[in-house]
Amino acid sequence: MVGPNGNESSATYFILIGLPGLEDAQFWLAFPLCSLYLIAVLGNLMIIYIVRTEHSLHEPMYIFLCMLSGLDILISTSSMPKMMAIFWFNSTTIQFDACLVQMFAIHSLSGMESTVLLAMAFDRYVAICHPLRHATVLTLPRVAKIGMAAVVRGAALMAPLPVFIKRLPFCHSNILSHSYCLHQDVMKLACADIRVNVIYGLIVIISAIGLDSLLISFSYLLILKTVLGLTREAQAKAFSTCVSHVCAVFIFYVPFIGLSMVHRFSKRRDSLLPVIMANIYLLVPPVLNPIVYGVKTKEIRQRILRLFHVTTYTSDP
């Protein structure tokens with residue numbers, strides 16, 4: 001922003017405009033968005049509750065699923081309450097430090113979720129390609145250490161983010177084009193060279209999302225090679241254990257890549273497309289992940305039905 005003497009000054013707050021061009025409809029759009037948020041929170045809490053209370057599900061696959069559900073709750077909660085305040089109460093102002101905290105939370109939690117998805121791919125690789133070693137390779141203490149490593153990695157990758165943002169002077173405008181604070185959006189308001197921020201963002205994307213997606217793809221190539229050498233019945237069983245995770249990978253990475261591409265090539269700051277993509281990225285995976293695992297994973301599905309006192313039959317697929 002511009003100080004009283006016309007010089008550049010540091011921003012003390014930003015303004016979140018919500019959905020550009022749809023300000024009049026935001027109040028009503030908040031209702032379905034709030035419903036999706038509640039579905040995401042309740043669905044993921046149900047997954048965590050079922051895995052925690054069912055001793056037979058205390059296995060690496062389901063513990064990683066609990067981690068994924070917890071991260072989904074945190075990611076959606078980091079943005080949705082403020083978004084609802086914007087849509088319903090026109091509370092568009094966010095303090096600079098609060099914006100930094102939200103930005104750090106969103107980006108670090110995304111990095112943690114990517115690490116957990118990679119760990120889940122490794123679990124499937126060991127279970128299918130080296131089944132006799134699965135119990136010794138992925139012990140519960142080792143799974144816990146992997147979870148801690150995911151947290152440390154996500155936080156460490158984002159640790160420089162507040163420093164790189166605080167060094168920037170802001171001028172002309174403090175209006176952000178999104179419903180929450182994103183690094184790509186905030187740095188574009190700076191009236192200084194942002195090449196350090198751009199390079200840092202690329203390094204994080206390549207070292208986290210890029211590397212993780214590459215390793216996940218490689219693990220599934222090895223899984224596919226192993227599965228093709230099995231009998232038809234064994235192939236069907238192996239594929240069925242991977243379907244839910246493959247869906248979760250696509251649900252997470254496709255919106256992320258789409259959002260990154262839109263930010264890279266979109267020239268208009270008032271464009272609605274990047275905002276919609278950003279909202280999809282933070283809300284759709286937390287909504288769909290418990291649905292996918294509830295429908296595709298037999299053990300989870302049976303316990304959900306039992307939780308609601310619905311009779312199941314052992315002949316169900």
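I began with Arg 195, which is exposed, with a relative accessible area of 58%. The model I am reading is predicted. I looked for the partner of Arg 195 and found a salt bridge with Asp 193, the closest N and O atoms being 2.7 Å apart. Asp 193 is partly exposed at 41%.

Next, the other salt bridges. I searched the whole structure and got five. Arg 153 and Asp 212 join their side chains in one of them, at 2.8 Å from N to O. This pair ties distant parts of the chain: Arg 153 sits in helix H6, Asp 212 in helix H9, 59 residues apart. Arg 153 is partly exposed at 22%, while Asp 212 is buried at 1%. I also noted Arg 124 with Asp 123, 2.9 Å from N to O. Glu 54, Arg 303 and Arg 306 form a network of salt bridges.

Then I turned to H6. Helix H6 runs over residues 140-158 and reaches 28 Å from its first C-alpha to its last. Which residues of H6 are buried? I listed Val 143, Gly 147, Ala 150, Gly 154 and Met 158. They lie on the same side of H6, because they cover an arc of only 50° around the axis. These buried residues pack against helices H2, H4, H7 and H9. On the face turned away I found the exposed Pro 141, Lys 145, Met 148 and Val 152.

Last, H3. Helix H3 (residues 80-89) is mostly covered, with seven of its ten residues buried. Among them are Lys 82 and Phe 87. Its buried residues pack against several elements, including strand E1 and helix H11. After H3 comes Asn 90, with a positive phi near 55°.

Key: Residues numbered from 1 in each chain as written. Predicted model: local features only at pLDDT ≥ 70, side-chain atom pairs only at ≥ 80, totals over all residues. Heavy atoms only, no water. Helix = DSSP H or I, 4+ residues; strand = E, 2+ residues; numbered from the N terminus. Expected span 1.5 Å × (residues − 1). Buried < 20%, exposed > 50% of the residue type's maximum accessible area, 1.4 Å probe, protein only. Arc of directions from axis to C-beta. Contact = heavy atoms within 4.5 Å. Salt bridge = Lys/Arg side-chain N within 4 Å of Asp/Glu carboxyl O.
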